[in-house]
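Open your viewer and get ready to click along.

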Amino acid sequence: MLTNPAKLLLKWADIYDTRIKPSLFYDKYRFLNAAADITGNVHVYLPFTDNNYLLNDDNKWITHNILNYIDLLNIQG
């Protein structure tokens, strides 16, 4: 039984951001029309895992909600 899941999530978020995510970096892209994305480039990462739970019902790749949440935590610093 987890006694402090919030602390575990924050620790995992730090490890994901500093060790795992950089190793998954694929490439950086930009829009041809600079007005389409004034805040910067689009960074593309390889899938975190080969497990098929990352596919939605249409067999399209999705990101797991935990990874989305961790990215948001890490953006906020």
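This is a predicted model: local features need pLDDT of at least 70, side-chain atom pairs count only at pLDDT 80 or more; totals for chains, interfaces and linings use all residues.

Residues are numbered from 1 along each chain as its sequence is written, and side-chain values use heavy atoms, leaving out hydrogens and water.

**Stop 1: the whole chain**

Show the cartoon and follow the chain from the N terminus: the elements run α-β-β-α. That makes two helices and two strands (DSSP runs numbered from the N terminus: helices are H or I with at least four residues, strands are E with at least two). Of the 77 residues, 10% count as buried (buried means under 20% relative accessible area, exposed over 50%, and partly exposed in between, with a 1.4 Å probe and protein chains only).

**Stop 2: helix α1**

Select residues 5-24, which make up helix α1. Where does α1 bend? Look at Tyr-16, where the helix bends by about 45° (the angle between axes fitted to the seven residues ending there and the seven starting there). Colour Ala-13, Tyr-16, Lys-21 and Leu-24 next, as these residues of α1 are buried.

**Stop 3: two ring pairs**

Show the aromatic side chains. A pair of aromatic rings is described by the distance of the centres and the angle of the planes. The count here comes to two aromatic pairs (rings of Phe, Tyr and Trp, with its six-membered ring, pair if their centres lie within 6.5 Å; planes under 30 degrees apart count as stacked, over 60 as edge-to-face and the rest as tilted).

Zoom in on Trp-12 and Tyr-16: their ring centres are 5.5 Å apart and their planes are at 10°, so the pair is stacked. Because they are four residues apart in helix α1, about one helical turn separates Trp-12 and Tyr-16. Trp-12 is partly exposed at 30% relative accessibility, whereas Tyr-16 is buried at 6%.

Move on to Phe-25 and Tyr-45, an edge-to-face pair with 5.6 Å from centre to centre and 75° between the planes. Phe-25 lies in strand β1 and Tyr-45 in strand β2, so this pair ties together parts 20 residues apart in sequence.

**Stop 4: a charged link**

How many salt bridges does a search of the whole structure find? The search finds one (a side-chain nitrogen of Lys or Arg within 4 Å of a carboxyl oxygen of Asp or Glu). Select Asp-71 and Lys-21, whose closest N and O atoms are 2.8 Å apart. The two partners are 50 residues apart, with Asp-71 in helix α2 (residues 65-76) and Lys-21 in helix α1.

**Stop 5: a nonpolar patch**

Finish on the surface with Tyr-26, Tyr-29, Phe-31, Val-42 and Leu-46, which form a nonpolar patch with about 490 Å² of accessible area together (patches are made of residues with over 30% relative accessible area and no salt bridge; like charges are joined within 9 Å, nonpolar side chains, namely Val, Leu, Ile, Met, Phe, Trp and Tyr, within 5 Å). Click on Phe-31: its place is in the loop between β1 (25-29) and β2 (42-45). Phe-31 is partly exposed, with a relative accessible area of 43%.

Definitions and conventions:
Accessible areas come from the Shrake-Rupley method with a 1.4 Å probe; for residues, only the protein chains shown count as cover.
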